Amino acid sequence: LAVDRARYAGRRMLVVGSGHSAFNALIDLATLASQVPGTTVDWVVRRADLGGAFGGGTKDQLAARGQLGDTVRDLAARGLMRIHTGFAIERIERTGAGLTVTSGDRVLGPFDEIIG
């Protein structure tokens with residue numbers, strides 16, 4: 001949100017995955033989206049549902065990991081990102097409008113950047 005803010009502000013972003021790196025990117029980008037109009041965040045995961053993706057919350061053995069999951073869950077609940085489950089990326093294409101990703105017959109995009 002500091003050094004690279006201008007790179008992502010007002011852009012269409014896609015975050016891929018459900019690990020800690022993805023969660024940190026989602027937190028920063030969703031925060032930016034709440035501050036800068038035109039910034040959009042989509043999140044794709046292979047999982048069919050996000051039930052276990054957020055970790056154990058306050059019952060997690062690692063408090064920081066639980067807090068990370070709780071924060072992402074809250075941002076999603078506030079509508080600061082669009083979530084696409086059951087999405088295994090098969091193809092990434094660059095078009096004149098930006099990047100698109102395909103999974104089966106589902107196509108998402110265009111995006112300015114993909115973080116994975």
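1. Asp-42 sits in strand β2, which covers residues 40-44. The model is a predicted one, and in it this aspartate is buried, because its relative accessibility is 4%, against a cut-off of under 20%. Two side-chain partners are found for Asp-42. One is Arg-82, whose side chain makes a polar contact with that of Asp-42 at 2.6 Å. The other is His-84, with a side-chain to side-chain polar contact of 2.7 Å.

2. The overall layout is as follows. The protein has 3 helices and 7 strands, and along the sequence they come in the pattern α-β-α-β-α-β-β-β-β-β. The chain has 116 residues, of which 38% count as buried.

3. Strand β2 belongs to an open sheet of 4 strands, ordered β3-β2-β1-β7 and paired in parallel. The edge positions are taken by β3 (82-84) and β7 (113-115); each has a single partner strand, so one side of each is left without a neighbour in the sheet. From one strand to the next the twist averages 20°. As a reminder when reading the side chains here, those of a regular strand alternate between the two faces of the sheet.

4. Within that sheet, β1 (residues 12-16) and β7 run parallel and are joined by 3 bridges. Which residue of β7 does Leu-14 stand opposite? The residue is Ile-114.

5. A second pairing involves β5 (residues 98-103) and β6 (residues 106-111), which are antiparallel and share 4 bridges. Leu-99 has Phe-111 of β6 as its bridge partner. The two strands form a hairpin with 2 residues between them, and Gly-104 in the turn has a positive phi of about 60°.

6. The peptide bond from Gly-109 to Pro-110 deserves a separate entry. This bond is cis, with omega near 10°, and Pro-110 lies in strand β6. For background, most peptide bonds are trans, and most residues other than glycine have a negative phi.

7. Ser-103 is placed in strand β5. Is this serine buried or exposed? Ser-103 counts as buried because its relative accessibility is 10%, where the limit is under 20%. Its side chain reaches the backbone oxygen of Ala-88 at 3.0 Å. Ala-88 is also one of the residues that line the largest pocket.

8. The largest pocket holds about 170 Å³ of space. Its lining is made up of Val-16, Gly-17, Ser-18, Val-44, Val-45, Arg-46, Arg-47, Phe-87, Ala-88 and Ile-89. Sorted by class, this lining has 6 nonpolar, 2 polar and 2 charged residues. Among the lining residues is Val-16, and residue 16 falls in strand β1 (residues 12-16). Val-44 is another lining residue, and residue 44 falls in strand β2 (residues 40-44).

9. Leu-80 is found in the loop between α3 (63-77) and β3. With a relative accessibility of 18%, this leucine counts as buried, since the cut-off is under 20%. Leu-80 and Leu-29 are 51 residues apart in sequence, while their C-alpha atoms are 8.9 Å apart in space.

How values were computed:
Residues numbered from 1 in each chain as written. Predicted model: local features only at pLDDT ≥ 70, side-chain atom pairs only at ≥ 80, totals over all residues. Heavy atoms only, no water. Pairing = 2+ DSSP bridges. 1 Å grid on protein atoms, 1.4 Å probe; cavity = no way out; pocket = protein on both sides within 12 Å on 5 of 7 lines; lining within 4 Å. Points joined across faces, edges and corners; volume = space filled by probe spheres on them. Nonpolar A, V, L, I, M, F, W, Y, C, P; charged D, E, K, R; others polar. Axes fitted to C-alpha atoms, helices over the stretch in contact; angles between N-to-C directions. Buried < 20%, exposed > 50% of the residue type's maximum accessible area, 1.4 Å probe, protein only. Polar contact = N/O pair within 3.5 Å; in protein donor to acceptor, adjacent residues only side chain to side chain.
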